[in-house]
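These are my notebook entries on a single structure. I looked up helix packing, voids and backbone geometry, in that order.

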Amino acid sequence: MHDRGIVTSVKSVKSVITGTGIAVGQNVVKNDALAKIMDTSDEWIRTRSGVEQRHYVNPGTGSTDLGRIAAEGALAKAGRTKEELDAVIFATMTPDHFFPGNGPVLQAKMGLRESMPTFDIRQQCSGFLYGLDLADSLIRSGKYQRLLLVGADVHTPFMPWHNNWDATIGRSDREATPEEYAENTKIRDRTVLFGDGAGAVVVEASDDDARGFLAAKLYTNGSNIEALYVPGVGFRRRPFVDRAQIDASEYIPVMEGREVFKQAVSKMPESVREVCASAGVEPSQIDLLLIHQANLRIVEGVAKQLGLPAEKVPHNIERYGNTTAGTLPILFHECLADGRIKPGMLVCFTALGSGLHWGAALYRT
Ligand code: UT7
């Protein structure tokens, strides 16, 4: 640093993750339970996606409720009190309310300092990845010392609950009518993939040069948002939601599965290579690659393209399905808890999802 001609050396600030926590929906729903209400099978879901079960929240539980449990766990692990936080970043595509976002709701639920700034970000499946880069930037800029980053999503509200979904969480033993079965089958390519979950991390400033975030590369291409989007319930409509949209199921996400799959297996390896190049490391030096959990075949495809062995590419999609902004922090938390992540490891996060948004971040534990 130059100060009136005197040169002093300043240690660079790094951001480090000091605590993690997770929470998932209260109800475990196995593939067979879904096969009772739509034309699908355990075999199809396992072989095409790797999902064996997912967790659905109870009615009335929102993404801030899961986020709160995950956040409290992360604070406890970090050995920090809520008073020590400077700000919150909440990544979700399924907020409790259309507005305001989840930040202020979480602030009130957790009893965080009333004046604490909270950021609400979307970016869907890449929400946590974008949140990591934002947290790192805000800390390295010197603006904040300690942030709470939450990634949480509840997908069950997207599902048309009048079509006997309550049977999947044990709230009804009524069999689906032929009409309900047919309606549920129309959206089977999406509903079988998703579950409800949250992960949170505490990110703090550190002057330990050996640890922390090294680099991130984030990308967006909005030229085909229709590949994965919610067609209705938007403010271009007057009113933004009405009976006609609901009757036409326009609140349910639409997905071109094969197109998103193709993008995922090409863009994620590309961004991992790019983030490695920017940090001056080779992809082969990555100790653990944490990939957004959308489909086990995508996870395996990305690992293969990067030449990484299975033991470096953990997955938990079989237990949780795709929890959108929740997948990366849940996976990170589990790998820390079971010792797969050890100090000094090079961990790479990568994700791709609706937008399309995608990217990768490198972190030294
Ligand atoms: O995190 C957000 C990003 N999302 C993703 O990354 C998702 C990416 N895409 C995928 O994971 C896969 O494309 C899916 C799992 C969604 C679908 O797998 P696929 O191998 O691409 O299947 P497909 O869409 O080509 O469908 C094959 C067949 C079709 O039947 P026909 O036309 O061959 O008779 C589908 O109707 O499988 C049928 N199908 C199902 N069958 C039983 C679709 N969903 C189901 C189902 N159960 N749940």
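The entries below record what I looked up and the conventions I applied.

**Conventions.** I worked from a predicted model, in which local features need pLDDT of at least 70, side-chain atom pairs count only at pLDDT 80 or more, and totals for chains, interfaces and linings use all residues. Residues are numbered from 1 along each chain as its sequence is written, and side-chain values use heavy atoms, with hydrogens and water left out.

**Entry 1: H3 and H4.** I took helices (H or I, at least four residues) and strands (E, at least two) as DSSP runs, numbered from the N terminus. I found that the axes of helix H3 (residues 63-78) and helix H4 (residues 102-110) come within 10 Å and cross at roughly 60°. Axes here are lines fitted to C-alpha atoms, for helices over the stretch in contact, with angles from 0 to 180 degrees between N-to-C directions. H3 and H4 are therefore oblique to each other; under 35 degrees counts as roughly parallel, over 145 as roughly antiparallel, 65 to 115 as roughly perpendicular and the rest as oblique. I noted the H3 and H4 crossing as right-handed, a term for the near helix being turned clockwise from the far one by less than a right angle, with anticlockwise being left-handed.

I then listed the contact (heavy atoms within 4.5 Å). H3 contributes Ser63, Thr64, Asp65, Gly67, Arg68, Ala71, Glu72 and Leu75, and H4 contributes Asn102, Val105, Leu106, Lys109 and Met110. I counted this contact by class as 5 nonpolar, 4 polar and 4 charged residues. In this scheme Ala, Val, Leu, Ile, Met, Phe, Trp, Tyr, Cys and Pro are nonpolar, Asp, Glu, Lys and Arg are charged, and the others, Gly among them, are polar.

**Entry 2: H9 and H10.** I found the axes of helix H9 (residues 257-279) and helix H10 (residues 296-305) within 9 Å, crossing at roughly 40°. That makes H9 oblique to H10, and the crossing is right-handed. On the H9 side I listed Phe261, Ala264, Val265, Ser266, Met268, Pro269 and Arg273, which meet Arg297, Ile298, Gly301, Val302 and Gln305 of H10. The H9 and H10 contact has 7 nonpolar, 3 polar and 2 charged residues.

**Entry 3: the largest pocket.** On a 1 Å grid over the protein atoms alone, a pocket is an open set of points with protein on both sides within 12 Å along at least five of seven lines; a cavity is a set where a 1.4 Å probe fits but cannot get out, and lining residues have an atom within 4 Å of a point. Grid points are joined across faces, edges and corners, and a volume is the space filled by probe spheres set on the points. I recorded about 1300 Å³ for the largest pocket. Of its 44 lining residues, Met93, Arg122, Phe158, Val230 and Val233 are the closest to its centre. Strand S7 (118-121), helix H7 (188-191) and strand S11 (228-229) each give two or more residues to this lining. By class, the pocket lining has 21 nonpolar, 16 polar and 7 charged residues.

**Entry 4: the cavity.** I found 1 cavity of 30 Å³ or more. The largest cavity has a volume of about 40 Å³ and is lined by Leu132, Asp133, Asp136, Phe213, Ala215, Ala216 and Ala361.

**Entry 5: backbone.** I noted a cis peptide bond between phenylalanine 99 and proline 100, with omega about 0°. I noted another between arginine 238 and proline 239, with omega about -10°.
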